[in-house]
Each structure stands twice: as C-alpha cells, then as structure tokens.
Amino acid sequence: LEWDSPIPRSPSELAQVPSGPFSMGCNASVDQECREDENPPHDVTLKDFEIDKTEVTQAQYFLCVESGKCTYPKCPWDPCARPTHPISCVTHAQADAYCTSIGKRLPTEAEWEKAARGTDARKFPWGNGPISCFLANIAECTKDLEPVGTRPQNASPFGVLDMAGNVVEWTKDYYDESYYAGSPPTDPPGPQVAPELVGRGGGFLSEPIWQRTSSRDSYPPGYTRVSLG
C-alpha cells in the first residue's frame, strides 16, 4: 500500500485523566433512562491514567496487520480509502492484540466511564443536554462510520472524542450485570471471568439510550459488528 500522508499513521494523541474519585453508574437526577445493570451508582477512585483521544483508525490497525501482530478484521475494510475511519469488525482478542502491539491495553470499564463523563456524573460526554446528530454519529444520522474526531463538540471533560457514537468500544472487563453492587471502591478490575465482555459508548447503529456515559453493553468475545471497534 502507498500512503498519501503520514498523518493517519501517527500514534493517537493521549488525554490525561488525573487520579481521584468519580461517580460511576446511572445518575437518576439527570438521567431518566437508568437500566438495572447501571445501579447502584457508587463512588470509585482510580489511579491516574492516559487514554487515546480518538478511536483506533483503519490506517493505525493496518500497521499492526502489516507487522504480523494483528489479523484482518471480519468484514470488508479499506485503510487506503478510509484511513481515518475507525477500525471495526474486530473481536475482543483482536482489539487486545492491537493494544499490546503498541505497548498499551484496553481500558477497564471504570477507566472508560471516568474518561467519558469526568467527575460530575453527567449523562453524556458533553453534559446533560440532549443528544442529536450534530453531537454524535448515532442511529438515523449518517448510517455509516465517519472519520474519528469528526465532531469535536462531543468531547468529554478530558478531551476524549466519540465516546458516544461512531463505534462501540471494547473494554478490558468481563460483564456482570450485578457487579456494581459489590465492586471494589478503588481501581475495580471487573469480574474474574464471565461469558461476555463489556462494550461502551454506543455506535452509529445504536439508539440514544446506548450513548449515555453510564450505559453498559456486552458481547461474546468472538463477536464482531461493523459498529464495534
């Protein structure tokens, strides 16, 4: 492959998330769509960490494939024509392999939620205002993936983009619908093992209820979808 520009191959810029507490789970005072697995809301304290400001692109993932450390996604893709579109149709193991190849890892579910909502328990990454096609690439908007960071107005308090819409994002954690009832208050690692793993953030095929910062989704480890990356 020949590239017109080195920009899509550059590593993603990192957002800094400071240590400290935040409220994890559904905030019923601003959110009338709480689901059972988002309760109870609880305070969680995390160590400081860094997280990519944008979703992994097709061009970035192609470099991993080219190196032999990653395998092809499970549906058609075109890193030449769509280098800055997010990679999708990857299993949990493929997402994990990409992260490992560049010396990183998938975020825990708690890390993802803090990066998405900050410390004020907001409903969406941009605040408590309603969601719209102006703010996020969701169901009934473009009906397709779009380049990462296309909508800077949807940035989280830490400057992370597309944490609502575009692609659902795999996390490190296994899924347990009742985990919040007894999870550790500091750096929760998620359940030890379970049949499914957590996806967060809603994608371009997802309805608004799945785009909320507290919304939890889950998939078998080998599952792939054009809106999961």
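This is a predicted model: local features need pLDDT of at least 70, side-chain atom pairs count only at pLDDT 80 or more; totals for chains, interfaces and linings use all residues.
## The cavity

The model holds 1 cavity of 30 Å³ or more.

M24, H42, E109, A110 and D173 are among the lining residues. Y179, Y180, S183, P188 and G190 line the largest cavity too. By type, the lining divides into 5 nonpolar, 3 polar and 2 charged residues.

## Aromatic pairs around Y61

The count of aromatic pairs is 7. One of them joins Y61 and W77 edge-to-face. Their centres are 6.0 Å apart, with 75° between the planes. Y61 lies in helix α1 (residues 58–67), while W77 lies in the loop between α1 and α2 (92–101), so this pair ties together parts 16 residues apart in sequence. Y61 and W77 are both buried.

Y61 also pairs with Y98. These ring centres lie 6.0 Å apart and the planes meet at 35°, so the pair is tilted. Y98 sits in helix α2 and Y61 in helix α1, so the pair ties together parts that are 37 residues apart in sequence. Y98 is buried, as is Y61.

## The ring cluster

Ring pairs build a cluster from Y61, F62, Y72, W77 and Y98.

Conventions. Residues are numbered from 1 along each chain as its sequence is written. Side-chain values use heavy atoms; hydrogens and water are left out. On a 1 Å grid over the protein atoms alone, a cavity is a set of points where a 1.4 Å probe fits but cannot get out, and a pocket is an open set with protein on both sides within 12 Å along at least five of seven lines; lining residues have an atom within 4 Å of a point. Grid points are joined across faces, edges and corners, and a volume is the space filled by probe spheres set on the points. Ala, Val, Leu, Ile, Met, Phe, Trp, Tyr, Cys and Pro count as nonpolar, Asp, Glu, Lys and Arg as charged, and the others, Gly among them, as polar. Rings of Phe, Tyr and Trp (its six-membered ring) pair if their centres lie within 6.5 Å; planes under 30 degrees apart count as stacked, over 60 as edge-to-face and the rest as tilted. Helices (H or I, at least four residues) and strands (E, at least two) are DSSP runs, numbered from the N terminus. Buried means under 20% relative accessible area, exposed over 50%, partly exposed in between (1.4 Å probe, protein chains only).
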